[in-house]
Amino acid sequence: MENNQSDDKSLLITQKAIEVLRTVFDPEIPVNVYDLGLIYKIDFDPADETLHVDMTLTAPGCPAADFIMEDVRQKLLSIEGPKAVDLRLVFDPVWCQDMMSEEAKLELGFM
């Protein structure tokens, strides 16, 4: 029974994380970081109540990197449930336009 509650809590926190990530935008691109495909992993660990998120940027030298990372961190910290956020910036795999949602591709004129 406890395992189901843990799974339910993890799912709920993951859904909330996706909601808040859809409010984070690269200032140069009118699409949120989630639909751009910049979020590689969202994993809530109920044992230590930490939300682990791996994300990337459209380019390693992105001039807005600090702004975007801090916005993501602050919005994830606002979620009720996790006591900590482990946000990691990764560049493997390298981001490409194929990682964008269909909506993002439409918004940016790639379809």
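**Entry 1: helix H2**

I started on helix H2, where lysine 75 and aspartate 71 sit 4 residues apart, about one turn of the helix. I was working on a predicted model. Lysine 75 makes a salt bridge with aspartate 71. Their closest N and O atoms are 3.6 Å apart. I then looked up the cover on each partner. Aspartate 71 has a relative accessible area of 18%, so I logged it as buried. Lysine 75 comes out at 24%, so I logged it as partly exposed.

I found another pair in helix H2. Glutamate 70 bridges to arginine 73, with the closest N and O atoms 4.0 Å apart. These two are 3 residues apart in the helix, so about one helical turn separates them. Glutamate 70 is partly exposed at 38% relative accessibility. Arginine 73 is also partly exposed, at 27%.

**Entry 2: other salt bridges**

How many salt bridges does the structure hold? I noted 6. One of them joins aspartate 35 to arginine 22, and the closest N and O atoms there are 3.2 Å apart. Both residues lie in the loop between helix H1 (2-21) and S1, so the pair ties together parts that are 13 residues apart in sequence. Aspartate 35 counts as buried, with 13% relative accessibility. Arginine 22 has a relative accessible area of 39% and is partly exposed.

I also traced a network. Salt bridges link Lys9, Glu49 and Lys83. Glu49 turned up again when I reached the hairpin of S1 and S2.

Next I took strand S2, residues 50-55. Is S2 largely enclosed or open? I found 6 of its 6 residues buried, so the rest of the structure largely encloses the strand. I looked at each face in turn. Thr50, His52 and Asp54 are buried on one side. Leu51, Val53 and Met55 are buried on the other. Both faces are therefore covered, each residue falling under the 20% cut-off for buried.

I then listed the strand partners. Strand S1 (residues 39-45) runs antiparallel to S2, and 6 bridges join the two. Aspartate 45 stands opposite threonine 50 of S2. The hairpin of S1 and S2 has 4 residues between the strands. Glutamate 49 takes a positive phi there, near 55°.

Strand S3 (residues 84-89) runs parallel to S2, again with 6 bridges. Which residue of S3 is the bridge partner of valine 53? I noted leucine 87. I followed the chain from S2 to S3 and passed through helix H2 (residues 65-77) on the way. This β-α-β crossover is right-handed. It brought me back to the helix of my opening entry, where lysine 75 and aspartate 71 lie.

**Entry 3: a nonpolar patch**

Which residues make the nonpolar patch? I wrote down Leu106, Phe110 and Met111. I placed methionine 111 in the segment after helix H3 (102-107). Methionine 111 has 58% relative accessibility, so I logged it as exposed. The cut-off for exposed is over 50%.

Technical notes
Residues numbered from 1 in each chain as written. Predicted model: local features only at pLDDT ≥ 70, side-chain atom pairs only at ≥ 80, totals over all residues. Heavy atoms only, no water. Patch = residues over 30% accessible without salt bridge, like charges linked within 9 Å, V, L, I, M, F, W, Y side chains within 5 Å. Areas by Shrake-Rupley, 256 points an atom, 1.4 Å probe, with all protein chains shown as cover. Salt bridge = Lys/Arg side-chain N within 4 Å of Asp/Glu carboxyl O. Buried < 20%, exposed > 50% of the residue type's maximum accessible area, 1.4 Å probe, protein only. Pairing = 2+ DSSP bridges. Right-handed = clockwise from strand over helix to strand, strands pointing away.
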